[in-house]
Amino acid sequence: LYAGQTILDGDVLYRDAFDQKPPLIHFTFALGLVLAGGSAWGPWLLELLAMATAGWLSFRLYRPIHGRAVAWSVTLIWMLSLANLLERGGYTEPFTLPLQFGSLLVFLKWIEAPEARRWPILLGVLAGGAFLFRQNHVGIFVVSFVVAMLLSGGARRAGSWLRAMSSVLLGVFAIWFPFAFYFSVHDAWSEFWDAAFHYNFLYTSISQADRWGTFIFAIERIPWSYVILPMWAGVVVHTVRTRSLHPGARTSLLCVALVALPLEYYLSSASIKRYPHYFILCLPVLSILLAELFAATQRLPGRMPRHRNLARVALPVLILASLLSLDFGKLVKRYEAAADPLTDSGYRRAIQFVGQNSNPDQTALVWGADPVILALADRRSPSRFSWLYPLMARGFHLDRITREFVDDVRANPPAVIVDTAHPYFVNLDPRRREPVVLPDTVEARSLGPMSPIIEEFLGMVDREYVLIDSFDHVDVFVRRSEER
């Protein structure tokens, strides 16, 4: 949200506002702000629209293959599963969902007409968009391309591979070109690479033990996947043993799911940050297998004539069990948060304080990792580092960026500083300031001590700022010259 606002203010993404996400999510949020007249509701509504579009595409995908009942049931279950995965919002994954389901529809069209060039071009457009939302979102697109080539027989001809690949790349470059032009015009390629790639590489090095732990974490967040994963393993074993695949849309989709499921879990767990929303990526592939399970259950009455009545209730029981595995309390809280993204009362009061005790032409600084405070208070940070994890990232150029941060704050002192009491950051109140000991958790392993240069900033806070109020765990400081 904050980066979207800076774009509308004329700042250049990454050069003037650091963020580790690729650019498309920030321009999407900027569009939402424009459509809503600057209100935070705009990006929220675009997120809802993206999820609703994904649901519509899901229904269109499964209805011709499995019928309306299965299509409605599967779509309802995976959409409600978002309650277990979404928290405060502002994520890239909901925007990738319609691209993923769209790619599956394009994949089926390509299978039907392998000589038509428009389908691989469109697949490239969707894949390029997903990459610009986040780099690890491309799993299902890569698998769809490979499976389409194998099923169409093109894999045996080098010319077919080259034609298909050139068509896909044409689509990718079509959506990448405006962003390449933007960074070229503003001479911001190095900042873009530094933030969206170099910084991200630093916390994708995850041990195998942590990856397995993350995998279990993902399964727990999508409880009905406990049934899907053994089913996936069984289908893989059966397919390998029989080496037979019947042609058709249903089998083609199943092939994509068999290959893409482990890949999506792997890509979703690439980060050492164990956040639930990362695993939204797995929902489209899981839904393919869930649809297959429901369709097989729907056929039971014809295959079990002696137990027809029992077979008829199997599908409703499966649907009900899937729904009961979800946390509807989180779903309610999710949309309560849409009206007030910061349900934390300390944050709400801090936002009000910043707005009341500074002017729009003054800056404010958040000590921690929550630039949404700045966004909702409509204030700008004195530095492009509006959230401060980069100042602690192991392997990042800490001395250089810390010097940049300190110099920016000195050149444009903030009227208000908000200390969010983040456990990874030293307390700004000198009476409570103690060395930080980072926990040995997956989330903290990419972080380390700050550069000693940060002591210059802490000294500036001690000399020039005074703690004026505390809201729950949130402290607010003002400049001594601004003290009321």
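**View 1. Leu458 lies in helix 21.** Helices here are DSSP runs of H or I with at least four residues, strands are DSSP runs of E with at least two, and both are numbered from the N terminus. The model on show is predicted, so local features need pLDDT of at least 70 and side-chain atom pairs count only at pLDDT 80 or more, while totals for chains, interfaces and linings use all residues. Residues are numbered from 1 along each chain as its sequence is written, and side-chain values use heavy atoms, with hydrogens and water left out. Leu458 counts as buried at 4% relative accessibility; the cut-offs are under 20% relative accessible area for buried, over 50% for exposed and partly exposed in between, with a 1.4 Å probe and protein chains only.

**View 2. Ser451 sits in the loop between strand 2 and helix 21 (454–464).** With a relative accessible area of 4%, Ser451 is buried. Its side chain makes a polar contact with the side chain of Asp399, at 2.6 Å. Such a contact is a pair of N or O atoms within 3.5 Å; within protein, one must be able to donate a hydrogen and the other to accept it, and residues adjacent in sequence count only if both atoms are side-chain atoms.

**View 3. Strand 2 (residues 416–419) pairs with strand 4 in the antiparallel sense over 4 bridges.** Two strands are said to pair if DSSP finds at least two bridges between them. Strand 2 also pairs with strand 1 (residues 364–367), this time in the parallel sense and over 4 bridges. Ala364 has Val416 of strand 2 as its bridge partner, and Val416 in turn stands opposite Val478 in strand 4. Ile417 faces Phe477 of strand 4. In a regular strand, side chains alternate between the two faces of the sheet. Strand 2 is covered on both faces, with Val416 and Val418 buried on one side and Ile417 and Asp419 buried on the other.

**View 4. A hairpin joins strand 3 and strand 4, with 2 residues between the strands.** Strand 3 (residues 465–471) pairs with strand 4 in the antiparallel sense over 6 bridges. Look for Phe471, which stands opposite Val474 in strand 4. Within the hairpin, Asp472 takes a positive phi near 55°. Strand 4 (residues 474–479) is mostly covered, since 5 of its 6 residues are buried.

**View 5. Tyr14 and Asp187 both have a positive phi.** Most residues other than glycine have a negative phi. For Tyr14, phi is near 75°. This residue belongs to the loop between helix 1 (2–8) and helix 2 (23–35), and Tyr14 is buried, with a relative accessible area of 0%. Asp187 has a phi of about 50° and is found in the loop between helix 8 (158–185) and helix 9 (189–202). Asp187 is exposed, with a relative accessible area of 62%.

**View 6. Trp212 is placed in helix 10 (residues 208–221).** Trp212 is exposed, with a relative accessible area of 53%. Its C-alpha atom is separated by 8.8 Å from that of Ser269, which is 57 residues away along the chain.

**View 7. The second largest pocket is lined by 17 residues.** On a 1 Å grid over the protein atoms alone, a pocket is an open set of points with protein on both sides within 12 Å along at least five of seven lines, unlike a cavity, where a 1.4 Å probe fits but cannot get out; lining residues have an atom within 4 Å of a point. The second largest pocket holds about 390 Å³ of space, where grid points are joined across faces, edges and corners and a volume is the space filled by probe spheres set on the points. Helix 3 (41–66), helix 5 (93–112) and helix 6 (118–133) are the elements that give two or more residues to this lining, and helix 5 gives the most, with 7 residues. Nearest the centre lie Arg60, Gly102, Leu105, Val106 and Lys109. By class, the lining has 12 nonpolar, 1 polar and 4 charged residues, where Ala, Val, Leu, Ile, Met, Phe, Trp, Tyr, Cys and Pro count as nonpolar, Asp, Glu, Lys and Arg as charged, and the others, Gly among them, as polar.
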